[in-house]
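Here is a briefing on one protein model. Please look over the sequence and structure first.

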Amino acid sequence: MKNFLLTSALFFTCILSANAQTVTAAKPLTELQQNFVDLKFGMFIHYNIPTYMDADWPDPDASPGIFNPKKLNPAQWAKAAKSANMTYGCLTTKHHSGFCIWDTKTTDYNVMNSPLKRDVVKEFADAFRANGLKVMLYYSILDTHHRLRPNAITKKHFEMVKAQLTELLTKYGKIEAIIIDGWDAPWSRISYDDIPFEDVYHLVKSIQPDCVLMDLNGAKYPAEGLYYSDIKTYEMGAGQHISKETNRMPALACLPINSAWFWKTKFPTSPVKDPAKLVNEDIIPLNKVDCNFILNVAPNRDGLIDDNALAALKQIGELWKNDGPAPKLAPTGAPIISTNLAKGKMSNSSWSDDSEIMDFANDDDFTTSWVSNPAVEKPWYEIDFGHDQDFNTITLTESKPNITNYHLEYLQNGVWKPIAKTENANRFKVNRFERVYGNKVRVWIDKADKQVSIAEFGVYNERR
């Protein structure tokens, strides 16, 4: 395998140290979420080595020599975005096959070793800003070229991720948002423990405090809960559907204008999605429920957007205008960003209903539930860590709103101590408190409308 980390730990530390002097106080999360939702509509740009292989998942050992656009012109992309009344662009700096389209010092598998020998990320950022558009970046954790994949992740892989994100957030000016992919997904199978989410989150915020961080994980977590993302995300083309009637969380939804994310040889002669339908069935209804819509437009092998896509974008601009800021968002609270300490630990409960036993409430699967036997008047559920453990956050998620009153306690040195007594009728309940230290934690259900069930009981030690 090629050397994929040419930078040393010292180099990485120096970047952070130098940058730390310029870090400013972050805006409140609610303000950042509002600003993001107010952008309403932008351009996703899937452009990378897959463009040259007619596949979204190309050969991970494909030669950089195939990345050879003859007419690369990010200004054309920006003008096309403007024609559709978009407000920003987001470029795939590195997709799942690991090819970097910026001048990186972390690997030789990058655009400077292609025939192009130009920093595409820089040209994109400069062109979009010159046209009054904001700049966002996409980055994949899954990296098949560098063998950053399940059951093969090393400390050097994590150092590469941190160094690459540091480059992207220090070399190209203000980055409004970074969209991360290939992480905590069934098809990537790289968990937030394999590449620690909390460390990456704090790294991004330490460099650019006002950069909104999103992970494309909307399918897994409850719609009402903010897990591992500043914004709820929905990859609509992968079957992740946001409610166009009831969503009230700041959100992002994405679709390609073509039949796939990266350019294919059939694209110039194949119909793109109907502009009127995109406006009336996606942009307008999604904007009404606090969702920013990003439409992917894939440049071709010359580095230009095809004529049929250009024409569709112009039509969208004739049909849709940004009508101003969205209504004021309700505060979401901070996202959950640390490891779920309850996942896979020994659990216990009052009598369960038939086979719907306690293990279903900490299996990291929101589609299964522990269900209390209806004969139990005061149900309880507990996690046994097996050792003393710090924690300061507990989440409780139901399949449907039901539990209204409950209290939490923890076991320390053989004594049960109270955490909080709570009234909360929401389906997703988050409880933050001063850090405690114990080997067990328990919830008692004091009041519920119907038979008690818990889909997931999460415990976290959040860095605050």
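The notes below cover a helix pair, a loop serine and aromatic rings. This is a predicted model: local features need pLDDT of at least 70, side-chain atom pairs count only at pLDDT 80 or more, and totals for chains, interfaces and linings use all residues. Residues are numbered from 1 along each chain as its sequence is written, and side-chain values use heavy atoms, leaving out hydrogens and water.

**Helix packing**
- Helix α7 (residues 275-288) packs on helix α8 (residues 307-319) at about 50 degrees, with axes 8 Å apart (lines fitted to C-alpha atoms over the stretch in contact; angles run from 0 to 180 degrees between N-to-C directions).
- Helices are DSSP runs of H or I, at least four residues; strands are runs of E, at least two; both are numbered from the N terminus.
- Pro 275, Ala 276, Leu 278, Val 279 and Ile 283 in α7 meet Ala 312, Gln 315, Ile 316 and Leu 319 in α8 (contact: heavy atoms within 4.5 Å).

**Ser 97**
- Ser 97 lies in the loop between β2 (88-94) and α4 (120-130).
- Ser 97 is buried, at 2% relative accessibility (buried: under 20% relative accessible area, 1.4 Å probe, protein chains only).
- Beyond four places in sequence, its contacts include Ile 49, Tyr 109 and His 145.

**Aromatic rings**
- The whole structure holds 30 aromatic pairs (Phe, Tyr and Trp rings, the six-membered one for Trp, with centres within 6.5 Å).
- Phe 41 and Trp 320 are edge-to-face (planes over 60 degrees apart), with centres 5.3 Å apart and planes at 80 degrees.
- Phe 41 is in strand β1 (residues 41-45), 279 residues from Trp 320.
- Phe 41 is buried at 0%, and Trp 320 at 5%.

Key
Buried < 20%, exposed > 50% of the residue type's maximum accessible area, 1.4 Å probe, protein only.
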